[in-house]
Structure formats: C-alpha cells, structure tokens
Amino acid sequence: MNSGIYQIPVEINEQTVDSVNILTVERGLIRFLEGLRILPEYEQIRYGILEPDEVGVALSLSDSSLCGNSHLRLEFTLWGRSVHHDDFRSRFGKFPRKLPKHGRLISLEGGSRIAFTRLESPLGVVFEPEYLFGIRVLNGILFLEIELDLQESVFHIDDAPTLDMLVMEERKLPLLALERSAAEYLRQKLKAPLEVELDSLSPLRRRGGAELRLRISSDTIHPEELAARFPILLPEFPDPQNAPGAILPGPVMEDYLTLFCIY
C-alpha cells in the first residue's frame, strides 16, 4: 500500500466509518458539482455554511450512517444565496436534473477514489427570498442524499482540503480605491462620461471578498442603454490588485444603473 493511502478494510463497523475522511469526500463532491458548470466561473463552492450576512454557495454535511454491509449514507446541504435573483434561480435549479442516475466515481490528484453509488436530490431545490441590509436576496437550498461505497473508495491524505480552503481570511477591501478603479475602468470601456458611486447598501460579504454595489449614471446615456452593454464577465483592470472576478448588471432605475463588482 502506498504511503498516505487509506483503503477501507473488509470488516466494516462504526469505528471504521469514523476513519473515513469526510472532508476528502466533500472535496470530491465539490469537484463534481463545480464540474457540472452550472454556477458562473467566479462562484466557488465553499466548505461549511453561509454566515447570516454572506452571499455565495457552500456545502455542508448534515448526517451520516451505515447503510448495508459496505455503504455509508451521507446527507449534504448545498446552500446558495445571491442578489441576482433570476440568474441564480435558473442556474441553481438545474442541479437536480444534472445529477447522475447511476452514481459516479470521482478521482482526485493525490490518488483518492470517491465511489458514489447513489447521488440524488429527492426534494429538489427550495428557494426562499430574504433581505440583507435592505437588499433583496434569494436563498437556494439543495438537499443531497448520497451513498458512498466504502469498499471501492480509497482516501489519500494529500487530497484532504487544506486549512486555507476551509478557513478563508476576510479581506479588508479598500472601498474608495476600488470605487475609483471601477469608475476609471468603466469610463474607458464605455467611452462615455459617467458618475460612479458606491451604493450606501454596499458591500455584501463574500467569503474572502465582497460584492460591491455601484450606482452608474450618465448625462448622455440612458441607464437602459448602459445596461445593454453588460455583462463584463471578466474585466481586465489595469491594476490586477483592484480587479474584480466579475462585473454583473443589477437593477436599472430611472436615473442610474446598478452594477455588482465581485471580489
């Protein structure tokens, strides 16, 4: 047996189950879900649960138990929260239809094999709106029921998520500098005189970053015309330090357009 590799023994009991590296299983599940390409490129699935003031997507284990002689039954919750209501509902709602009907074998770089014999979401997706700091957001919750074949699965210590994957430090974003950088970039991109200001309801917290809400107005271009020129999904800021992962259009008001810069 190679160093660092752990394979479940033939005799399976509760003590054996306790030795299963659930975090490695989670990493494999996140790899699979992100590989479906349902979520936008900037959206990474995090470990754990969303904080009350946080937007994003996170995966957490709800329950586990032995099922038969060689299978472990796992229940996960995939929880997303977004201010982009229609796009989020459309994307997140695709997950149940994309799950494999006959399980899936997931291989990780270190040599781990995660053998799912069942991967289902019997309840589908539950959507629920709420307000964060006066901003309407939409929650999406997907309950996953999974069976892990313990005899066919192999775990390698190198495939467990690292500490920085599990615990992300909050970035202290220089909001005024980011506002100025965004204003300069948008004026150059749209080739128009613009007024850009950070909305008083901004930012929404994202793990390791933020979602800044900007108000964009112009004396020469109507907000609807400005909105038609978006989204700029992968903005190329002159200074990479101030570059967001994406710029997305928000609500179009009578005298301004709302944009979200995702850091």
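Here are some friendly questions and answers about this predicted model.

Me: What is the mean pLDDT of the protein?
Reply: Because this is a predicted model, local features are taken at pLDDT of at least 70 and side-chain atom pairs at pLDDT 80 or more, while totals for chains, interfaces and linings use all residues. Residues are numbered from 1 along each chain as its sequence is written, and side-chain values use heavy atoms, with hydrogens and water left out. The pLDDT is the predictor's confidence in each residue, from 0 to 100. Here 91% of the residues reach 70 or more, and the mean is 87.

Me: How many helices and strands does the protein have, and which element has the highest mean pLDDT?
Reply: Helices (H or I, at least four residues) and strands (E, at least two) are DSSP runs, numbered from the N terminus. The protein has seven helices and 14 strands. The lowest mean pLDDT among the elements, 53, belongs to helix H1 (residues 14–18), and the highest, 96, to helix H4 (residues 95–98).

Me: What percentage of the residues is buried?
Reply: Buried means under 20% relative accessible area, exposed means over 50%, and partly exposed lies in between (1.4 Å probe, protein chains only). Of the 263 residues in the protein, the buried share is 48%.

Me: Is Asp-149 buried or exposed?
Reply: Asp-149 is found in strand S8. Its relative accessible area is 12%, so Asp-149 is buried.

Me: How is the aromatic pair of Phe-92 and Phe-95 arranged, and what type of pair is it?
Reply: Rings of Phe, Tyr and Trp (its six-membered ring) pair if their centres lie within 6.5 Å; planes under 30 degrees apart count as stacked, over 60 as edge-to-face and the rest as tilted. The structure holds four aromatic pairs. In this one, the centres are 5.4 Å apart and the planes are 75 degrees apart, and the pair is edge-to-face.

Me: Are Phe-92 and Phe-95 buried or exposed?
Reply: Phe-92 and Phe-95 belong to one aromatic cluster with Phe-88 and Phe-127. The relative accessibility of Phe-92 is 0%, so Phe-92 counts as buried. Phe-95 also has 0% relative accessibility, so Phe-95 counts as buried.

Me: Which residue lies over the face of Phe-127?
Reply: A charge sits over a ring if NZ of Lys or CZ of Arg is within 6 Å of the ring centre and within 35 degrees of the ring normal. At 4.7 Å from the ring centre of Phe-127, the residue over its face is Arg-89.

Me: How much space lies in the largest cavity?
Reply: On a 1 Å grid over the protein atoms alone, a cavity is a set of points where a 1.4 Å probe fits but cannot get out, and lining residues have an atom within 4 Å of a point. A search of the whole structure finds one cavity of 30 Å³ or more. Among the 16 lining residues, those closest to the centre of the largest cavity are Pro-40, Tyr-42, Glu-43, Ser-82 and Phe-88. The space in the largest cavity is about 130 Å³.

Me: Where is Arg-37, and is Arg-37 buried or exposed?
Reply: Arg-37 is in the loop between helix H2 (22–35) and strand S2 (45–47). Its phi is near 60 degrees, a positive value in a residue other than glycine. With 74% relative accessibility, Arg-37 counts as exposed.

Methods: 1 Å grid on protein atoms, 1.4 Å probe; cavity = no way out; pocket = protein on both sides within 12 Å on 5 of 7 lines; lining within 4 Å. Points joined across faces, edges and corners; volume = space filled by probe spheres on them.
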